[in-house]
Amino acid sequence: MNLSDFKNSIQMDTPPSGLSVYLQSLWLDKKGDWDRAHGLIDSLGGEDAASLHAYLHRKEGDLSNAGYWYRRAGKNPASNSLEEEWEQLARYFLTQ
């Protein structure tokens, strides 16, 4: 699946089968279900989960919490748009 296919899948009622938990979270976020998107990655460890966690809290508007998660991911806080960050994350997780 490429980014275009993934973005087009947002029009469906359910996520495509076989998506990683990270892509499922991004899919739910794009569908407007922040709570479920967050719930999928909330208890996961590692830098990948922390990167996604940071994005979600940035989107939520909780910048101090987002900053914590960016630090956990070993990254500087994002300065691009939320849409650009979402696409960067999607591209990355589509290659994993």
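Residues are classed here as buried under 20% relative accessible area, as exposed over 50% and as partly exposed in between, with a 1.4 Å probe and protein chains only. By this criterion, 42% of the 96 residues of the protein are buried. The model is a predicted one, in which local features need pLDDT of at least 70 and side-chain atom pairs count only at pLDDT 80 or more, while totals for chains, interfaces and linings use all residues. Residues are numbered from 1 along each chain as its sequence is written, and side-chain values use heavy atoms, with hydrogens and water left out.

Helices (H or I, at least four residues) and strands (E, at least two) were taken as DSSP runs and numbered from the N terminus. The protein has six helices and zero strands, giving the pattern α-α-α-α-α-α along the sequence. The radius of gyration, taken over C-alpha atoms, was set against a globule rule of 2.2 Å times the number of residues to the power 0.38. For 96 residues, a compact globule would have a value near 12 Å, and the 12 Å of the protein agrees with this. Along the principal axes, the C-alpha atoms fill a box of roughly 35 × 25 × 20 Å.

Contact denotes heavy atoms within 4.5 Å. Among contacts in the protein with a separation of 6 or more, 42% are between residues 24 or more positions apart. The accessible surface, from the Shrake-Rupley method with a 1.4 Å probe, comes to about 5,400 Å², and carbon and sulfur atoms account for 46% of this area. Lys and Arg were counted as positive and Asp and Glu as negative, leaving out His and the chain ends; each charge was placed at NZ of Lys, CZ of Arg, CG of Asp or CD of Glu. The mean positions of the 10 positive and 14 negative charges lie 2 Å apart.

A nonpolar core is a set of buried Ala, Val, Leu, Ile, Met, Phe, Trp, Tyr and Cys residues joined through side-chain atoms within 4.5 Å. The largest such core holds 21 residues, of which Phe6, Leu26 and Leu52 touch the most other members. At least two residues of this core come from each of α1 (3-9), α2 (21-30), α3 (34-41), α4 (47-60) and α6 (82-94).

Beyond four places in sequence, Leu52 is in contact with Tyr22, Ser25, Leu26, Ile41, Leu89 and Phe93. Tyr22, in helix α2, touches Ile41, Leu44, Asp48, Ala49, Leu52 and Phe93, with residues up to four places away not counted. The C-alpha atoms of Tyr22 and Leu56, 34 residues apart along the chain, are separated by 12 Å.

Phe93 belongs to helix α6 and counts as buried because its relative accessibility is 4%. Phe93 and Ser20, 73 residues apart in sequence, are 7.9 Å apart in space, C-alpha to C-alpha. Arg36, in helix α3, counts as exposed because its relative accessibility is 53%. Between Arg36 and Ser79, 43 residues apart along the chain, the C-alpha separation is 25 Å.
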